[in-house]
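Welcome, and thanks for taking a look at this one. Below is a short briefing to read alongside the coordinates, starting with charge and ending with aromatic rings.

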Amino acid sequence: KQQNAKIHEHNIHLEVAGVLNDLLIGSMANISPHTLEAFKASGCFHVLSISGLHFSLLGLFTLGLITWALKRSQWLLLHTHVPALALVLTAPVLLGYVFIAGMNVPALRAVMTAMLVLTAVLLRRQRTMLPLIAAAALLVLAFHPLSLMTASFQLSFAAVLAINLIYLRLPLFTAVSRDQPTWQRLVQRSGQTILSMLYVSLAATAGTLPLVLFHFNRFPLLGPVLNLVIEPLLCLWALPAGLMALLLLPLFPSLAAHCLQFGSLGVKLTLWLLDPLPQVSALSLW
């Protein structure tokens, strides 16, 4: 029994490491079929794909760190525009990460959109997201023309376009009255955030539904709701901790290990929630 317990603990450790590995570099080599089926049944399989959220978080962390470092120099503050310089220095980090991620279509789409956004901000020509999405699609097809007919390309851009349609109408952008007490404003803002997350999930689900049915003949019925639970655990807990570990690894390996251990807690909780889902056939409509 003790030997079986050790083997079981070792397998759990490998499974957590496999999910973290996939979140950070896009490799599913160490994820068991049971876990993959659980993510598919929950409608959260897209979380395992390196996409815009990864590059947004990495860009924010890197931009904040570089900006803080540059502002330590009085000469740079007097002779340069520090925010613009920080944006320029952030670009190579994002480009390096897309090579680590294997140059897959979602990663290419995300990094090209990020580069276009950085360029638009530097040139002060940012408008709507639609031209940036179209330009990113054009650049992806310039590198991989045959990806036009793949499920990855179609689902990736369909989800982004669907979210773009409702982005400016999200409750999160509704102003909160300053006349209310602080606790009421916090409650209202929290409700707006949760509703906005639900609307984004519903928009992405609706936008990709025809393609999901065409390619996979399967629709996870509780996908929009389960995404509200699974995405924060992985994307706002495990992923930031893993990205921070990647940044700290060259200089502070022990601190990076602690970041990975902290991120693994989010993965363990996710796997615990998803473990029984493959046995519940009613979660998916075939």
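The protein chain carries 15 positive and 7 negative side chains, and the centres of these two sets are 16 Å apart. Please keep in mind that this is a predicted model. With that said, here is the rest of the picture, topic by topic.

**Fold and overall dimensions**

- The protein chain contains 11 helices and 2 strands.
- Reading from the N terminus, the order of elements is α-α-α-α-α-α-α-α-α-β-α-α-β.
- For 286 residues, a compact globule would have a radius of gyration near 19 Å, and the 21 Å of the protein chain agrees with that.
- The C-alpha trace spans about 65 × 55 × 45 Å along its principal axes.

**Packing and surface**

- Of the 286 residues in the protein chain, 38% are buried.
- Among contacts with a separation of 6 or more, 68% come from residues 24 or more positions apart.
- The protein chain exposes about 16,800 Å², and 71% of this is supplied by carbon and sulfur atoms.

**A look at Leu 89**

- Leu 89 sits in helix α5, which covers residues 82-100.
- Leu 89 counts as partly exposed because its relative accessibility is 38%, a value between the 20% and 50% cut-offs.
- Leaving aside residues up to four places away in sequence, Leu 89 touches Ile 66 and Leu 70.

**Aromatic pairs**

- How many aromatic pairs does a search of the whole structure find? The search finds 2.
- One of them joins Phe 153 and Phe 157, whose ring centres are 4.7 Å apart and whose planes meet at 45°, so the pair is tilted.
- Phe 153 and Phe 157 both belong to helix α8 (residues 151-166), and because they are 4 residues apart there, about one helical turn separates them.
- Both Phe 153 and Phe 157 are buried.
- Trp 237 and Phe 262 also form a tilted pair, at 5.7 Å centre to centre with 40° between the planes.
- Trp 237 is in helix α10 (residues 223-248) and Phe 262 is in helix α11 (residues 253-274), so this pair ties together parts that are 25 residues apart in sequence.
- Trp 237 is partly exposed, with a relative accessible area of 25%, and Phe 262 is likewise partly exposed, at 48% relative accessibility.

Definitions and conventions:
Residues are numbered from 1 along each chain as its sequence is written. This is a predicted model: local features need pLDDT of at least 70, side-chain atom pairs count only at pLDDT 80 or more; totals for chains, interfaces and linings use all residues. Side-chain values use heavy atoms; hydrogens and water are left out. The radius of gyration is taken over C-alpha atoms; the globule rule is 2.2 Å times the number of residues to the power 0.38. Buried means under 20% relative accessible area, exposed over 50%, partly exposed in between (1.4 Å probe, protein chains only). Contact means heavy atoms within 4.5 Å. Accessible areas come from the Shrake-Rupley method with a 1.4 Å probe; for residues, only the protein chains shown count as cover. Lys and Arg count as positive and Asp and Glu as negative; His and the chain ends are not counted. The place of a charge is taken as NZ of Lys, CZ of Arg, CG of Asp or CD of Glu. Rings of Phe, Tyr and Trp (its six-membered ring) pair if their centres lie within 6.5 Å; planes under 30 degrees apart count as stacked, over 60 as edge-to-face and the rest as tilted.
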